[in-house]
Amino acid sequence: MSSAPAQIAVTGLAVMGRNLARNLARNGFRVAVHNRSKSRTDALIEEFGHEGEFTPADDLPALVASLEQPRKIIIMVKAGEPTDAVIDELVPLLDEGDIVVDAGNAHFADTRRRENALREKGLHFVGSGVSGGEEGALNGPSIMPGGSPESYAALGPILTKISAHVNGEPCCVHVGPDGAGHFVKMLHNGIEYADMQLIAEAYDLLRQVLGLSPAELADVFRDWNSGDLESFLIEITAEVLSQVDPTTGGPFVDVVLDQAEQKGTGRWTVQVALDLGIPVSGMAEAVFGRSLSGDVVRRSAAAGVLPGPAEAKADVDRDAFIEDVRHALYASKLVAYAQGFDAIRAASEQYDWDIDLGAMATIWRGGCIIRARFLDRIKEAYDRNPALPSLLVDDYFKEAVANGQEAWRRVVATAASVGVPAPGFSAALSYYDGLRAERLPAALIQGLRDLFGAHTYRRVDRDGAFHLDWSGDRTESPA
Ligand SMILES: NC(=O)c1ccc[n+]([C@@H]2O[C@H](COP(=O)([O-])OP(=O)(O)OC[C@H]3O[C@@H](n4cnc5c(N)ncnc54)[C@H](OP(=O)(O)O)[C@@H]3O)[C@@H](O)[C@H]2O)c1
């Protein structure tokens, strides 16, 4: 315990807050700690008090009194109403210039509301994404702080020190004002959903088409982890697939109920992208895929009842198909990231956040769930051209997809012909083909809209909006 004023406080000492407080203390910061139920505070001091300088507080007034000014208080409680409850109790105790950090998984719209309310009281409110689960919180997470530049000037040295580091660089960058940090954290989770869906589709196709066992598939993923696909998620896929169930002695993956759950950040990402008008089909298919898996009523009504293709076997060479699926996975993943960065760009424009897109890839290189080798490629792409309209038109990405596109098309075609669902792979390919099309059938949609609703259309050869007199003589008039 410490007698000098604490430099930073953490309130909310469940798994994430406790580990974040320990990370701060282990890095030499004097940390004041508090939890609504005192037992968690006591447990932290008893078990880990020796790790650094902690100041336990029984209530929020004591926590606030133990801090040097300007005070820096990290809230790490259950997202939603609990966060508002803590803020409401904390604010009257604070002085102008103090900094309140919400490091939970808040919706960025809530963060914008809270930042605005606290700014009016002369306080800084920082919505900060923290990724990496309990392990990351303890040993170095990826940190995505929003809020004012002044608040980051005070917090930056602390947050960068406790964050993960890759090649000596911290996985923590000031994302932008108000809700920018939580927006980018939400997108991180959306991309994580897409990544996992694509990995699951690769596993399913290889298993169903080639009849590989989970143990053999673990070897495939282990092998992939030494190339472009190298990432935390591929690494742990090999680990899960090689796990044996202690009860049956069979593959662990075969005894797990095939209904994927979700906490909501993937769904938020898709909802927000719909409002921004940005296609994030990779993430949407991932969210829908989880919903379908959990729809027990309709699945049991259809399983074994709805007929599949007459020929459910594909005549493919084992090694060639594994290589094709690797290409399909990488290409689809590039599309998912391109879509994710497009959503960040659109939100940055809409909310005036001025987000440095290349720096976002840097934040995610370590500490978080989507950490991956190819994030360096994203950083390099934005270094080459900060105004890149889409990652897919950067030379590296263009070539990577071009190299794998024949394989990608074969995989999508094989999945359709044998009746194995691959919504992530096929939606990604459709997006790619839509993006590169010289002309889209949207022209026909505009014609239909003008016919039934007089919604007007624009022409390829003249400016302005037009309407055709569909029920009369079909002459065209300017709208
Ligand atoms: N778990 C993860 O891997 C992970 C990863 C990234 C981000 N996050 C985010 O980090 C935050 C904390 O996550 P967690 O898993 O450690 O904890 P949690 O289970 O989400 O929340 C439990 C904590 O919230 C406190 N709390 C709940 N209602 C409260 C209220 N009305 N007033 C004051 N405190 C209240 C609890 O206090 P009591 O002990 O008194 O009940 C406890 O400290 C969440 O926003 C979560 O979404 C979690």
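Which residues does K185 touch, not counting residues up to four places away in sequence? In this predicted model, local features need pLDDT of at least 70 and side-chain atom pairs count only at pLDDT 80 or more, while totals for chains, interfaces and linings use all residues. Residues are numbered from 1 along each chain as its sequence is written, and side-chain values use heavy atoms, with hydrogens and water left out.

With the sequence neighbours excluded up to four places away, K185 touches N105, G129, V130, S131 and M144 (contact: heavy atoms within 4.5 Å). K185 lies in helix 8 (residues 180-210) (helices are DSSP runs of H or I, at least four residues, numbered from the N terminus). Its relative accessible area is 5%, so K185 is buried (under 20% relative accessible area; exposed is over 50%, partly exposed in between; 1.4 Å probe, protein chains only). E192 is also placed in helix 8 and counts as buried at 16% relative accessibility. Under the four-place exclusion, E192 touches L233, I369 and I370. An unreviewed UniProt entry places the feature "active site" at K185 and E192; such annotations may be inferred rather than shown by experiment.

Helix 4 (residues 81-90) packs with helix 5 (residues 108-120) at an angle of about 5°, the axes being 12 Å apart (axes are lines fitted to C-alpha atoms over the stretch in contact, and angles run from 0 to 180 degrees between N-to-C directions). Helix 4 is therefore roughly parallel to helix 5 (angles under 35 degrees; over 145 is roughly antiparallel, 65 to 115 roughly perpendicular, the rest oblique). T83, D84 and I87 in helix 4 meet R113, R114 and L118 in helix 5.

How values were computed
Helices (H or I, at least four residues) and strands (E, at least two) are DSSP runs, numbered from the N terminus.
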